[in-house]
Amino acid sequence: MRVVEILFYNSSRVKLIVEMSDPDIYTTKHAPHIPRLLFKLFPHLARHHCDNDNGFSFRRECESTEIPHLLEHLIIELQGQVRGAGTLKGETQWNWRVDPKGRFHVYVDFDNEILVLGAIRAAERIIQALDNRRIEEINVDREIERLKHLAEVGDLIKRGDPVPPSAEDSQDQLTSIHAP
Ligand SMILES: [Zn+2]
């Protein structure tokens, strides 16, 4: 599964185009280990509200749902863990009469542009790692810390404030001054 396009759809919603590497393998029925490992890393996902055709809880729905639908909920969960309060919504759609099979359109709310970009890439990486059964590669606390930094930068940009250089940036500046 890959996020192949990210579009700022409007001032509070991004649209992603997601493609499955194998268009015939796109549900958790084919990959039950993904939701099993995902709920282990993110137990709060079980409390997500989910509107689905069956009226199932999100956890029950995950036994048989499209993998990009998990991505949608995970992007919301990551943003929620960084921001705390507030409700973000999402939606996953597909229409294979128009699009090639295996392509999905995922919509996710955001309130911080830089944070949502970080959350999208983190969620993509997490689902890929879980698909490959490499749960040990994911450190949730570290992911959230990184996203908190991105959210701070996003807040500065939104307010038009200068972004202070990180320690690494100043090191780079010094190096370039002394370079021949
Ligand atoms: Zn849902």
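Predicted model: local features only at pLDDT ≥ 70, side-chain atom pairs only at ≥ 80, totals over all residues.
Which residue stands opposite Arg103 in S4? The residue opposite Arg103 in S4 is Glu19.

**Strand S4 and its partners**
- Strand S2, residues 13–19, runs antiparallel to S4 and is joined to it by 7 bridges.
- Strand S3, residues 90–93, also runs antiparallel to S4, with 4 bridges joining the two.
- Within S4, Val108 has Gly90 standing opposite.

**Strand S1 and the hairpin**
- S1 and S2 form a hairpin, with 2 residues between the strands.
- The pairing of S1 with S2 is antiparallel and extends over 7 bridges.
- Glu19 turns up again here, as the bridge partner of Arg2 in S2.
- Strand S1, residues 2–10, is hardly covered, and the count of buried residues among its 9 residues is 0.

**Helices H1 and H4**
- Helix H1 spans residues 33–41 and helix H4 spans residues 113–131; their axes come within 9 Å and cross at roughly 120°.
- H1 and H4 are therefore oblique to each other, and their crossing is right-handed.
- At the contact, Ile34, Leu37 and Leu38 in H1 meet Ile127, Leu130 and Asp131 in H4.
- Sorted by type, the residues of this contact of H1 with H4 are 5 nonpolar, no polar and 1 charged.

Terms used: Residues numbered from 1 in each chain as written. Pairing = 2+ DSSP bridges. Buried ≥ 20, exposed ≤ 12 C-beta atoms within 10 Å, placed from the backbone. Axes fitted to C-alpha atoms, helices over the stretch in contact; angles between N-to-C directions. Parallel < 35°, antiparallel > 145°, perpendicular 65-115°, else oblique. Left-handed = near helix turned anticlockwise from the far one by under 90°. Contact = placed C-beta atoms within 7 Å. Nonpolar A, V, L, I, M, F, W, Y, C, P; charged D, E, K, R; others polar.
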